[in-house]
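I set down here what I looked up in this structure, entry by entry.

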Amino acid sequence: MDRANFVPNNANLGLLQGLIEAGLSDTVIGERLGINRSTVWRWRARLDADLPLEDGRGGNSGVHKVSDEQLIGAVGRLEREPFASLELVNREGNFGVTTKTLSKAIQQRTDIRFRRPAKKPQLRCANEVARLLYAQQHVGRTPEQWRKTVFMDEKTFSSTKDGRVGVWRPIGTRLDKEYVKETTISGRHSIAFWGCMTGDGMSQLFEVDRTLTSPQYLDILDNWFYPSILEHYPDEDEIFIVEDNSPIHTARVIREWYDEHPHLRRLGHPARSPDLNVIENMWAMLTSKWIPADVATPNAMRQKLNADFTALRNNRAYFETLTSSMPRRLQSIIDRDGSHINY
């Protein structure tokens, strides 16, 4: 029985009562009837209280306020335009019901749900091909190798948040292309940081100019990053680096610096692929519990970031968990032919 179509009529409630009296658990009953365990628990509580299991929905005539024909029309419109406003769909369809009633009908009688869309960088065909080739090249690397890989990036933090945007989509289709809200770089930024991390917990965070220059980046590599990496991995013949293809990272002076340090090998990160640089998850973790009062001024934001980073870097297991996810990420890229993945 489809969970969305479970109706507490006499037949269904009789079956539910029989399963309860047979001694089955709420979980097993829920699986058999396709309903939530909490729903089973509520009916069980009525039975334990010697209350009848009956359809108590007021005014239930068995006739839907939204007809099947109207529902098919609304769902068809949302399938064609998944980011459409339901209020507009209702008004243009002239269904004669409130938008709330239409929404309830869609969610109870179909597999379409209103959710916040996944936000991912726009991927063109060439990007997907590059991601797929990268995944195929590195999917065989072990978790141990990823644990010692250095993930690096710059991040500009902002006190502004994106508004809530929803999408109507079937269950289980969050990353299908037509339901993904692709993003571009925008927003009012406040403070920029450069950071790096490995699965061993080695991590650094430096405030930089919001427009980072190649001389500044060269100074970070030469005077901060390199001494630190030698301290953590003094016996490694090769140390692998993951960083994106921003103009700063590909500037001539930076390429020359890496040429002078051949044991530091960059993995050729594909463009538009923050989901393949786990430091992005660290950035998200640092801001996940922000409230406006925490970041009301640049100085308050600076203090909040440094405090949260200090606490996070003491959690070595967190960093190891991130780097150990790389084989799964790469396999997901392969499974989805280079498209967006759930990371």
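**Entry 1. The network.** Which residues are linked in a network of salt bridges? I worked from a predicted model. In it I found Glu144, Arg147, Lys148, Asp200, Glu236 and Arg316 linked in such a network. For the structure, the count of salt bridges comes to 16. I then looked up pairs within the network in turn.

**Entry 2. Arginine 147 and glutamate 144.** I found a salt bridge between the side chains of arginine 147 and glutamate 144, with an N to O distance of 2.4 Å. Both residues belong to helix 8, which covers residues 143-147. They are 3 residues apart, about one turn of the helix. Glutamate 144, at 38%, is partly exposed.

**Entry 3. Lysine 148 and glutamate 236.** I noted a second pair, in which the side chains of lysine 148 and glutamate 236 meet in a salt bridge of 2.9 Å, N to O. This pair links distant parts of the chain, 88 residues apart. Lysine 148 sits in the loop between helix 8 and strand 3 (150-158). Glutamate 236 sits in the loop between helix 9 (214-232) and strand 8 (239-242). I recorded lysine 148 as partly exposed, with a relative accessible area of 26%. Glutamate 236 is also partly exposed, its value being 30%.

**Entry 4. Aspartate 200 and arginine 316.** I looked up the salt bridge that aspartate 200 forms with arginine 316, and the closest N and O atoms are 3.3 Å apart.

Entry 5. Where does aspartate 200 lie? I located aspartate 200 in the loop between strand 6 (189-197) and strand 7 (203-208). Why does aspartate 200 count as buried? Its relative accessibility is 16%, and buried means under 20%. Which residues does aspartate 200 touch, leaving aside those up to four places away in sequence? I listed Arg147, Lys148, Tyr233 and Arg316.

Key
Residues are numbered from 1 along each chain as its sequence is written. This is a predicted model: local features need pLDDT of at least 70, side-chain atom pairs count only at pLDDT 80 or more; totals for chains, interfaces and linings use all residues. Side-chain values use heavy atoms; hydrogens and water are left out. Helices (H or I, at least four residues) and strands (E, at least two) are DSSP runs, numbered from the N terminus. Buried means under 20% relative accessible area, exposed over 50%, partly exposed in between (1.4 Å probe, protein chains only). Contact means heavy atoms within 4.5 Å. A salt bridge is a side-chain nitrogen of Lys or Arg within 4 Å of a carboxyl oxygen of Asp or Glu.
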